[in-house]
Amino acid sequence: MEIDVLIVGGGPAGLAAAVRLYRKGIHNILIVEREKQLGGILRQCIHDGFGLTRFKTTLSGPEYAQRFIDEVEESGIPYITDATVLEVTEDRTVTAATRQGLKVWKARSVILTMGCRERTRGALGIPGERPAGVFTAGVAQAYINLCNVMPAKEVVILGSGDIGMIMARRLTLEGAHVQAVFEIQPYPSGLPRNVEQCLNDYGIPLYLSHTVTAVHGDNRLTGVTVSRVDEHLRPVPGTEKEYKCDTLILSVGLIPENELSLDAGVTLDDRTKGAVVDEHFQTDVEGIFAAGNVLHVHDLVDFVSMEAESLADSAAEYVQNGCLTPCPIEIETDSHINHTVPQRVSGTRDFKLSLRVNSPLKECRIEVRQDGVLVASKKMKKAIPAEMIELTVKADKLVSLSRLEVSAEC
């Protein structure tokens, strides 16, 4: 079957891209979603705080997703749920396992919006037994919010990611006792508002520069050993302390779901773990685009939707014209900047640069220079790794095809 645009993933990015494409006149679209319903991770995020940027009102996760689902339904955009994409090839052939059997599409353009997955205990290599009671924060959230199952009574949380802190509050509201949240870094890895609203407001202590160094228990978790870490993140001998608990929840980072991207020959960025893209959100494989958490982990879902809408503008242009403006200008960073998106630009049009810093900075200025000449800057009272920073670079400031350098001056 031939199709103009096939979207892999029906979460906030895929839905926003589909709606924008339809408005741009691209109607031969298909969304392929592996869950039984559209909406992605938002279905289990029943807390509010979504939509403040995109819709200028506060919504829960399901409410936010429903706004886009309603538009998809009203526009008649076709979608398939309960279907797993098995392969995306370099020539944009997509194979999926569906309820009706194996399906194959030949697409003019493929949009990758698969989101991300959580880092597990196996990735951390925590020593000890392997008892029941060790969950990632997202799994615990799904148990409570989707399955109505209470997974814990006495809880220790490792990692101060946003979902981990939100689950600290959720478990407390459901009657569990959250003893503490431990973070290996010397600063919280989630948003300041979640530290305040989810931990401080409920009297849940946050211990920085601490990590779990052992897990105890046979059939069920009975406790964990926590140690302080030094500046190299190595456990300090003699600082061990045991906490009795029946549940350990891990909120230790997210990894973009890029197995399909690798199959398609897409180059990944070592820092974001997502695809290397240009200002059109096109990967280095022509006709394959990526946006949302599969590209780089976002702090707000509003940014995911707006990024996907920008991608859809470019994908529509590609389908209609068969090509996009080449992007020969590469973007490099200094030691303060963790990564940027995009990584390549054309220099012929204004573009929005998204970036994160490596560690908390105060009274700093983010600068973009070309051949030593300042082309864009943003002054900030503070910059933290948990918050994505955006600044606009004007095309008329770019005077050559040499690379751009992004730095933080403090």
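Q: Which element gives the largest share of the lining of the second largest pocket?
A: In this predicted model, the second largest pocket has a volume of about 410 Å³ and is lined by 19 residues. The elements that contribute two or more residues to that lining are strand 21 (351-357) and helix 8 (301-321). The largest share, six residues, is supplied by helix 8.

Q: How do the residues of the lining of the second largest pocket divide into nonpolar, polar and charged?
A: Taken over the lining of the second largest pocket, the division is seven charged, five polar and seven nonpolar residues.

Q: How many residues of the largest nonpolar core come from helix 8?
A: The largest nonpolar core has 64 residues, and those with the most contacts inside it are Leu6, Ile7, Leu21 and Ile111. Helix 8 provides the largest share of this core, and its contribution is nine residues.

Q: With which residues is Ile7 in contact, leaving aside its neighbours within four places in sequence?
A: Ile7 is one of the residues with the most contacts inside the largest nonpolar core. With those sequence neighbours left aside, the residues in contact with Ile7 are Gly14, Ala17, Ala18, Leu21, Ile29, Leu30, Ile31, Val32, Ile111 and Thr113.

Key
Residues numbered from 1 in each chain as written. Predicted model: local features only at pLDDT ≥ 70, side-chain atom pairs only at ≥ 80, totals over all residues. Heavy atoms only, no water. 1 Å grid on protein atoms, 1.4 Å probe; cavity = no way out; pocket = protein on both sides within 12 Å on 5 of 7 lines; lining within 4 Å. Points joined across faces, edges and corners; volume = space filled by probe spheres on them. Helix = DSSP H or I, 4+ residues; strand = E, 2+ residues; numbered from the N terminus. Nonpolar A, V, L, I, M, F, W, Y, C, P; charged D, E, K, R; others polar. Core = buried A, V, L, I, M, F, W, Y, C linked by side-chain atoms within 4.5 Å. Buried < 20%, exposed > 50% of the residue type's maximum accessible area, 1.4 Å probe, protein only. Contact = heavy atoms within 4.5 Å.
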